[in-house]
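The sequence and structure come first.

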Amino acid sequence: MKVNEERRAYFESRAGNWIKYRKRRSYYWDSITRYCNYYIHKDSSVLEIGCGSGELLAAVKGKNKTGIDFCEPIINQAKVQFPDIRFELMEAENINLEEKYDVIILSNLIGVIDDIEHVFKELKKVCHEQTRIIVTYYNRIWEPIIRFAELLGIKKRTPEQNWLSTGDIANLLYLSDFDAYKKNRSMLIPYRIPLVSWLMNRFISRLPFFQLFGLNQFVFARPFPPRLKQEEVDERYSVSVVVPARNESGNIEKAILHTPQMGKFTELIFVEGNSTDDTWETIQQMAEKYKDTHRIKIMQQDGKGKGDAVRKGYASAEGDILMILDADLTVPPEDLPKFYNAITRGKGEFINGVRLVYPMEKNAMRTLNNIGNHFFSRLFSWILERPIKDTLCGTKVMFRTDYLKLAENRSFFGDFDPFGDFDLLFGAYKLNLKIVDLPIRYRERKYGDTNISRFSHGLILLRMSAFAAGKIKFW
């Protein structure tokens with residue numbers, strides 16, 4: 001094909017100077033490397049398609065790294081420069097590898113291939129169910145600037161490019177059976193200008209409106225999950241429901257009786273912490289009473305706060321899917337199958353309950369709490385780069401395998417969250433999981449009083465929000 005011949009001739013003609021070219025643009029490539037590394041685990045297997053001479057692949061985290069490229073002189077340079085990495089001469093249009101990879105990177109490749117949809121479909125050969133695709137390319141807004149730079153001779157003229165928006169990329173991924181679940185942009189100044197570049201790229205480019213003009217655009221995708229029949233789903237997964245309980249004596253038996261059985265088995269894990277009523281005694285009595293009909297574990301937390309209780313419960317969980325059910329039962333236990341269906345059907349990998357869609361019972365949430373929840377919803381939608389309508393709903397659901405990775409990487413954010421909600425939300429974001437909101441009906445508390453202090457806890461949430469912005473937006 002004409003375009004293929006043109007791009008092949010272009011890259012082969014530059015092969016001798018390719019490493020120098022990449023080094024001259026090291027500031028630009030460094031920004032892509034930093035962004036990819038934010039989401040790549042140190043134990044991930046990584047494949048880069050269109051790897052060039054291997055600088056990006058060598059710089060990202062991971063083990064068992066492989067790079068493929070169609071240009072033989074450049075691949076030979078990569079093998080000499082990075083002998084510990086596997087490089088293969090291969091067309092992106094015909095991938096012939098036996099391995100399945102955790103992360104696949106296509107950095108600035110889609111601009112020079114003829115059939116992007118075909119290349120995306122080829123990725124299926126090297127994907128497993130949990131593979132993450134990272135596609136990077138120039139922001140279309142920059143096309144006239146780049147063309148003008150080429151006209152002036154500031155930038156070397158390149159073959160005709162495919163200029164795609166993030167929407168175009170996401171649509172092509174969808175047509176190739178991939179779920180593009182997150183998009184963002186970064187970098188306003190692609191050259192190193194002391195202080196100015198750091199300020200513009202680290203801070204200004206991450207702010208609303210300015211982010212629209214970022215040079216680098218990133219699209220994250222995952223394979224669509226397999227379609228399973230209900231009986232296959234139920235044979236595949238089991239469930240652990242953790243119930244943190246403080247001064248909730250009157251709700252313990254109801255939590256047991258109203259929690260449906262889901263999957264292979266459903267276990268209830270009651271974690272009592274610092275109650276001033278007879279909650280612990282009631283938990284022991286109910287566990288004994290229903291031991292023949294329900295799988296129940298009981299324990300008392302060592303520390304304080306709901307977050308500590310959840311972590312203790314999760315540590316003893318045996319189910320494949322982890323759920324939180326607040327013992328006040330303001331989120332009905334009968335709604336838990338909705339979360340089970342959402343996560344087992346692959347709609348998301350972190351299912352976040354939302355109380356702010358359906359009308360609430362009269363006294364379910366106080367006015368100031370409602371206002372605060374809407375405020376934090378807007379704030380966290382910006383921080384987490386996707387709509388998060390309710391950050392503080394107690395019911396959150398994820399796979400235990402993902403939680404174990406989250407716990408292993410908890411040091412990144414630190415033990416900063418007494419509630420546990422943000423610890424899980426931030427951790428899910430860092431793991432690059434697809435976060436999905438699930439609306440539920442929020443009921444009035446029937447027993448006891450709320451453990452939430454509107455003002456002191458609100459200040460804690462603001463401090464955590466500022467901390468998270470530094471770790472997620474302005475790193």
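The model is predicted: local features need pLDDT of at least 70, side-chain atom pairs count only at pLDDT 80 or more, and totals for chains, interfaces and linings use all residues. Residues are numbered from 1 along each chain as its sequence is written, and side-chain values use heavy atoms, with hydrogens and water left out.

A nonpolar core is a set of buried Ala, Val, Leu, Ile, Met, Phe, Trp, Tyr and Cys residues joined through side-chain atoms within 4.5 Å. The largest such core has 97 residues, and I49, I104, L106, F120 and L123 touch the most other members. Helix 3 (residues 26–39) contributes the most to this core, with seven residues. A second, separate core holds 35 residues, including V241, I252, L329 and A342. Helices (H or I, at least four residues) and strands (E, at least two) are DSSP runs, numbered from the N terminus.

Leaving aside residues up to four places away in sequence, the contacts of I104 include L47, I49, L123 and I134; contact means heavy atoms within 4.5 Å.

L212 lies in the loop between helix 9 (196–202) and strand 7 (216–223). Buried means under 20% relative accessible area, exposed over 50%, and partly exposed in between (1.4 Å probe, protein chains only).

| Residue | Relative accessible area | Class |
|---|---|---|
| C71 | 0% | buried |
| C127 | 10% | buried |
| L212 | 44% | partly exposed |

With a disulfide taken as a pair of cysteine sulfur atoms within 2.5 Å, the count is zero disulfides.
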